[in-house]
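Here is a briefing on one protein chain. Look over the sequence and the model before reading on.

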Amino acid sequence: GKAPSRVLSGEADIAVAGRLSLGGHADQVEAFSIGAVDIVGVAAPDHPLAQVEGRLDTAQLDDHRQLTTITEHVGPYPNQLAQSTWEAADLSLRRDMLLAGLGWGTIPRHAVANDLAAGRLKLLDLSARPQAQMRMPLFVVHRRDHPLGPVGRALLEALQTSADPAP
């Protein structure tokens, strides 16, 4: 993923990564679990999928464009459920695209909590998905040859203490 690359390039001393993909960097970076976040399926209220009552199946999802985030993840996007996808550079842009009704997508619940509460987005029933794929583990990554200092260790401890347990 991007987090190990940014740490190894010196762009960041420490990074947070979801669904950690170390690629060939496992011997160069150290990763610590800091919990997990809930993933939800959402669409704008006027999107056709938001009109469906009950559980959505794979065929229904595949009929509509899915908005995903560009990732360096090896293999298909972990929650890619449709053949037609548009990729956004980050969660903020993907959220804006969801609000504009350009497609549907899976996204961390905390990123859209206010939009759901205000009715700007609607939850999609993706209960047919395995629960493990609707919860994303989070990791803190740093270079093995640059041990965390006192502030980095304190940050890591605070993140581990405050995070939801990993799946």
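Predicted model: local features only at pLDDT ≥ 70, side-chain atom pairs only at ≥ 80, totals over all residues.

Five helices and seven strands make up the secondary structure.

**Fold**
- Starting at the N terminus, the order of elements is α-β-β-α-β-β-α-β-α-β-β-α.
- Take the contacts in the chain with a separation of 6 or more: 67% of them join residues 24 or more positions apart.

- The chain has an accessible surface of about 9000 Å².
- Carbon and sulfur atoms hold 52% of that surface.

**Second largest pocket**
- The volume of the second largest pocket is about 180 Å³.
- Its lining has 13 residues, and those closest to the pocket centre are Ile 39, Val 40, Arg 109, Gln 131 and Met 134.
- Which strand gives the most to this lining? Strand 2 does, with four residues.
- Strand 2 spans 29-43. Strand 6, at 122-124, also supplies at least two residues of the lining.

**Aromatic side chains**
- Two numbers describe a pair of aromatic rings: the distance of the centres and the angle of the planes.
- With ring centres required to lie within 6.5 Å, the count of aromatic pairs is zero.
- A charge does sit over a ring: the charged end of Arg 65 lies over the ring of Trp 86. The distance from that charged end to the ring centre is 3.7 Å.

Methods. Residues numbered from 1 in each chain as written. Heavy atoms only, no water. Phe/Tyr/Trp six-rings, centres within 6.5 Å; stacked < 30°, edge-to-face > 60°. Lys NZ or Arg CZ within 6 Å of the ring centre and 35° of its normal. Contact = heavy atoms within 4.5 Å. Areas by Shrake-Rupley, 256 points an atom, 1.4 Å probe, with all protein chains shown as cover. 1 Å grid on protein atoms, 1.4 Å probe; cavity = no way out; pocket = protein on both sides within 12 Å on 5 of 7 lines; lining within 4 Å. Points joined across faces, edges and corners; volume = space filled by probe spheres on them.
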